[in-house]
Amino acid sequence: MKVVKSNQEVTLPEGVKVWVKGRVVTVRGPRGMLRKDFSHLKIELTKKGPSTIEVQKWFGTRKDISCVRTVCSHINNLAIGVTKGYRYKMRSVYAHFPINCNVTQEGACIEIRNFLGEKFVRRVAMREGVTVAPSQKQRMK
């Protein structure tokens, strides 16, 4: 069964500017700018006010309508990212081969040794503005 029209509005906080061009949403705030492309979804994105976006889906099935709420959540997460930012925590766990992680270049790079018992050293360089810090509380002995 199809629903004729399903829509939802997203209101962004103060200090966040938003642009909608087609199905591409650009959000700018104090911490930078983020852009998200929703061209893979058949939805309508319209800017209602300076900080309000309306997401619409016409003649959608149940799966199509669920995309409306998902797009609204993505836009809210973009706004949080440019105002507060995010902190990700990662733990390395192992069953047999003990993994060794070393932070190098003042938190700009991490080296992973003995992953699955390999001799190869994996080096992961962080993107601009991202730092890595080892937790001292979760050290395993």
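Is Tyr 86 buried, partly exposed or exposed? With a relative accessible area of 38% for Trp 58 and 46% for Tyr 86, both residues come out as partly exposed. The legends below walk through a predicted model, from the whole chain down to single residues.

**Figure 1. The whole protein, with 1 helix and 9 strands.** Start at the N terminus and you'll pass through the elements in the order β-β-β-β-β-β-α-β-β-β. The radius of gyration is 21 Å, well over the 14 Å that the globule rule gives for 141 residues, so the protein is more spread out than a compact globule. The C-alpha trace spans about 60 × 40 × 25 Å along its principal axes.

Figure 2. Of the 141 residues in the protein, 26% are buried. As for charge, the protein carries 28 positive and 10 negative ones, and their mean positions sit 5 Å apart. Take the contacts with a separation of 6 or more, and 45% of them join residues 24 or more positions apart.

**Figure 3. Trp 58 and Phe 59, a tilted aromatic pair.** Searching the whole structure turns up 2 aromatic pairs, and Trp 58 with Phe 59 is one of them. Their ring centres are 6.5 Å apart, with 40° between the planes. Trp 58 is partly exposed, at a relative accessible area of 38%.

**Figure 4. Tyr 86 and Tyr 88, a stacked pair.** Here the ring centres are 6.3 Å apart and the planes meet at 25°, so this pair counts as stacked; the cut-off for that label is planes under 30 degrees apart. Back to the opening question: Tyr 86 is partly exposed, with a relative accessible area of 46%.

**Figure 5. Met 126, in the segment after β9.** Strand β9 covers 122-125, and Met 126 lies in the segment that follows. This residue has a relative accessibility of 25%, which makes Met 126 partly exposed. Skip the neighbours within four places in sequence, and Met 126 is in contact with Gly 107, Ala 108, Ile 110 and Val 132. For a sense of scale, look across to Ile 99: Met 126 and Ile 99 are 27 residues apart in sequence, and 19 Å separates their C-alpha atoms in space.

Methods:
Residues are numbered from 1 along each chain as its sequence is written. This is a predicted model: local features need pLDDT of at least 70, side-chain atom pairs count only at pLDDT 80 or more; totals for chains, interfaces and linings use all residues. Side-chain values use heavy atoms; hydrogens and water are left out. Helices (H or I, at least four residues) and strands (E, at least two) are DSSP runs, numbered from the N terminus. The radius of gyration is taken over C-alpha atoms; the globule rule is 2.2 Å times the number of residues to the power 0.38. Buried means under 20% relative accessible area, exposed over 50%, partly exposed in between (1.4 Å probe, protein chains only). Contact means heavy atoms within 4.5 Å. Lys and Arg count as positive and Asp and Glu as negative; His and the chain ends are not counted. The place of a charge is taken as NZ of Lys, CZ of Arg, CG of Asp or CD of Glu. Rings of Phe, Tyr and Trp (its six-membered ring) pair if their centres lie within 6.5 Å; planes under 30 degrees apart count as stacked, over 60 as edge-to-face and the rest as tilted.
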